[in-house]
Amino acid sequence: MSIPGLHLTRIGSDDFLLEATRSLNIRDQDRLLEGIASRLQQARASRLYYDLSEQALIDPVYYAWLDALARTIRAINVEMVCIHMQPTAAFALAQFIREKPAFETALDIFGWQKTGQ
């Protein structure tokens with residue numbers, strides 16, 4: 001996928017890894033959401049792992065981006081799991097979040113299991 005600031009890689013038959021770079025501009029959210037959702041839908045994806053290892057803090061603006069992405073791709077039957085969240089980012093997120101996020105979290109790709117499995 002050629003969207004500046006993002007690397008979207010197939011890592012399984014229906015799993016994808018999304019890595020955001022420092023140049024990601026979430027102010028152009030509509031274009032990003034459309035591009036990611038389109039690519040996932042074309043590939044018949046079922047899960048998107050969002051790598052947060054480069055995100056030292058998650059503020060309300062970045063959380064809104066994660067939430068919008070998770071809700072958008074859920075509409076096309078793709079679940080989102082945020083992985084590699086740094087402790088500082090998790091702490092910051094916990095300070096302002098008031099409801100269960102639209103995405104799941106896991107330490108890494110192998111540490112995630114769907115509830116009830």
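Mentor: A residue counts as buried under 20% relative accessible area, as exposed over 50%, and as partly exposed in between, with a 1.4 Å probe and protein chains only. This is a predicted model, in which local features need pLDDT of at least 70 and side-chain atom pairs count only at pLDDT 80 or more, while totals for chains, interfaces and linings use all residues. Residues are numbered from 1 along each chain as its sequence is written, and side-chain values use heavy atoms, leaving out hydrogens and water.

Trainee: Why is Phe96 called partly exposed?

Mentor: Phe96 has a relative accessible area of 24%, which lies between the limits of 20% and 50%, so the middle class applies. Tyr63, at 13%, is buried.

Trainee: What makes the rings of Tyr63 and Phe96 an edge-to-face pair?

Mentor: Rings of Phe, Tyr and Trp (its six-membered ring) pair if their centres lie within 6.5 Å, and planes under 30 degrees apart are stacked, over 60 edge-to-face, and the rest tilted. By this rule there are two aromatic pairs. For Tyr63 and Phe96 the centres are 5.9 Å apart and the planes stand at 70 degrees, so the pair is edge-to-face. Ring pairs also link Tyr63, Phe96 and Phe103 into a cluster.

Trainee: Which residues does Leu66 touch, not counting residues up to four places away in sequence?

Mentor: With contact meaning heavy atoms within 4.5 Å, Leu66 touches Tyr50, Leu52, Ile58, Met80, Cys82 and Phe103.
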